[in-house]
Amino acid sequence: MPGPSRGRPARRPLSVRGPAPAKRRRGGNSRVRLAIGRLLLVGALLSAGIKLVQVQGFQAEALSEQAEKQRATFIDIPAARGSITDRNGNQLAFSIEARALYAVPQMTREKWVKAQDTDPSIGSYEDWAKSVARFIQDTLGTEVGGQKTDERTMYGMLTEDTTYIELVDNIDPGKAATITDKYADIGSEYRAVRVYPNGDLASNIVGAANWRKDQEPPATHGLLGLENSQDNLLAGRNGRRVVDTMQGNNNVVIPGPDRSRELAAATPGRSLELTLDVDTQYALQRMVTEYTAKSGAKTGSAVVLDMRTAEILAMANDKTFDPADFGKAAADQTRNAAVTSVFEPGSVNKVVTAATAIEDGIYQPDSVLTVDDRIKVADRVIRDAADHPVQDMTFTGVFAKSSNVGTLMTAQKIGEDRYAEMLRKFGLGKRTESGLPGEEPGSVPPRNQWSGSTFGNLPIGQGLNMTLLQMTGMYQAIANDGVRVPPRIIRAEVDENGVRKETPRPEETRVVSPQTAKTVRDMFRAVVQKAPGNQTGTGPSAALPGYQVSGKTGTAQQVDKNCGCYSNSSYWITFAGIFPADNPRFVVGIMLDAPSAGGMYSESAAPLFHDIASYLSQRYQVPLSAEQSPVVPLVL
């Protein structure tokens, strides 16, 4: 046999083999999986088709009905309203959470009827309504806040043919949860109840607020007083959430498990700290009410200011109201007459003439004026309150005796332009910007409109008008060494974390020098002086033993509407006082509108000042004056 060829390697013999078993198995499995997948896909498509036919055909009406009955809605989350307190943190107004229970009878009945077809054992809708009504009565009693919650009333409401009905309002949240946990088809809505723990105390200032369902969104809103004027600050900022509501009424959340989603949290409102002191306010309110009734006046008001800061410690009117039931109050009960009513102040306004004459060096307290009982100004003759012969009076005596003639003699030396300037410095003719709503600016005739007789009226407190707060502010300037500080009612704002922000101090006005202010204070002590020999002032009943008191009485004729002239029988009675005069702490203003009872109470407000000063001396432990006021000559 021939041998292998030289120079060439021998080739490997070829092997002839069948298909590898492993490869045959892998290929078979792939084909099986592919076939199964195709079958599953076909099944899924068939199932989806059947479901689509079912939804679009057989269930279309039911689903459409359900969609028509509910929808996702964005609604507000009410913010917690801030409180109102006095200067010491005593609550004057605050809010507590409450709930309203409601039902959706038509929707619930339809749902119940369909469920009954599946399970007749659940009973009728009426059976369910009876059960709910009985449970509400067992939980709440037969009446809540004047609302009937007995079983019969509740059953009648639950079976009404209506889409929505409120069953009861302003109930305890815990009791509401007890009912809605047991009966998911009863809905619960947030409410807030405004509470005024001191009733009518300072109600003319604080005002009133309540839950307003007629506004969008429903929330507590102020309607009167500071509750109204500071509503935005107190109310805070609402949050936002998504809920299921009834179609056609986005305000009715469908009862059942809470599936709402909060989008933004509510920001609580800020609280107000007022300048008031509740104890002083209570005492003043009681004294004003009693004194006004004794005097037979139509209305009466009083104000107590801190001399240094002009903060309003108390402001009272004889007519008040219950802020928790303000709907029953008359208009004159809800207004704050101390800032909304203007009047002619009478002789209290003579302080402008006294201060200007001292400031300008025209007279000194012991200067002597020869005073008749009448004086002619332009075409008018002005008289003193009582006839008297021509007499010599000290400058102090002119004001202690409240001589109109002596005051006008002095005003003529001051001059009209200078007098008009001083009226502005004392803050007359413009609002005090105290922060109290409804404040009137009062009225002073513009200088270019004065007639010949105008200057015969203004210095004696006629022909111009002012609020009681403005009048009291005039004397605050004299008490505060000649610096007028605008009064204020809001002391600070407090946020939800208790962080306190002081209200900016108002801008001060220098009216007269410190020495002039002290001289006038000393002069006006003689108003309350009681001494023999015609040396008694017009307001001795304002004096308080152990203390120096400085003040001024006032009596202003009211206009008779029948003749358009000044009345000889109807007056405003006023008093402004500084206590104590030697070391001032407080300024008090009082106004009585047309007292008619006769006697001491209707002739002067000085006795009321005495009572107020007596209270202040005890409440604030005011030290006794180092010495009593000296008796000075008034008439020579």
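A charge sits over a ring here if NZ of Lys or CZ of Arg is within 6 Å of the ring centre and within 35 degrees of the ring normal. With that in mind, select R619 and Y620: R619 lies over the face of Y620, 5.3 Å from the ring centre.

Some ground rules before we move on. This is a predicted model, where local features need pLDDT of at least 70 and side-chain atom pairs count only at pLDDT 80 or more, while totals for chains, interfaces and linings use all residues. Residues are numbered from 1 along each chain as its sequence is written, and side-chain values use heavy atoms, with hydrogens and water left out.

**Stop one: the rings around W128**

Select W112, Y125, W128, F135 and Y183, which ring pairs link into a cluster. Rings of Phe, Tyr and Trp (its six-membered ring) pair if their centres lie within 6.5 Å; planes under 30 degrees apart count as stacked, over 60 as edge-to-face and the rest as tilted. By this rule the count comes to 14 aromatic pairs. Zoom in on W128 and Y183: the ring centres are 6.4 Å apart and the planes at 80°, so this pair is edge-to-face. W128 lies in helix α4 (residues 125–140) and Y183 in the loop between α6 (173–182) and β7, so the pair ties together parts that are 55 residues apart in sequence. (Helices, H or I with at least four residues, and strands, E with at least two, are DSSP runs numbered from the N terminus.) Both W128 and Y183 are buried, meaning under 20% relative accessible area, with exposed over 50% and partly exposed in between (1.4 Å probe, protein chains only).

**Stop two: Y419 and F455**

Here's another edge-to-face pair, with Y419 and F455 at 5.5 Å centre to centre and 70° between the planes. Y419 sits in helix α16 (residues 416–425) and F455 in the loop between α16 and α17, 36 residues apart. How accessible is Y419? Its relative accessibility is 0%, so Y419 counts as buried. F455 is buried too, at 6%.

**Stop three: R194**

Now pick R194, in strand β7 (residues 186–195). Is R194 buried or exposed? Buried, because its relative accessibility is 7%. Which side chains does R194 make polar contacts with? Show S95, whose side chain is 2.8 Å from that of R194, and E227, joined to R194 side chain to side chain, also by a polar contact of 2.8 Å. (A polar contact is a pair of N or O atoms within 3.5 Å; within protein, one must be able to donate a hydrogen and the other to accept it, and residues adjacent in sequence count only if both atoms are side-chain atoms.)

Select residues 299–306 (β14) and 312–317 (β15): the two strands run antiparallel, joined by five bridges. Strands pair if DSSP finds at least two bridges between them. L305 has I312 in β15 as its bridge partner. Five residues separate the strands, and A310 in the turn has a positive phi of about 65°. Six of the six residues in β15 are buried.

**Last stop: the cores**

A nonpolar core is a set of buried Ala, Val, Leu, Ile, Met, Phe, Trp, Tyr and Cys residues joined through side-chain atoms within 4.5 Å. In the largest, of 87 residues, L274, M315 and F426 touch the most other members. Helix α17 (residues 468–479) gives the most to this core, with eight residues. A second, separate core of 31 residues includes A314, A605, A606 and L608.
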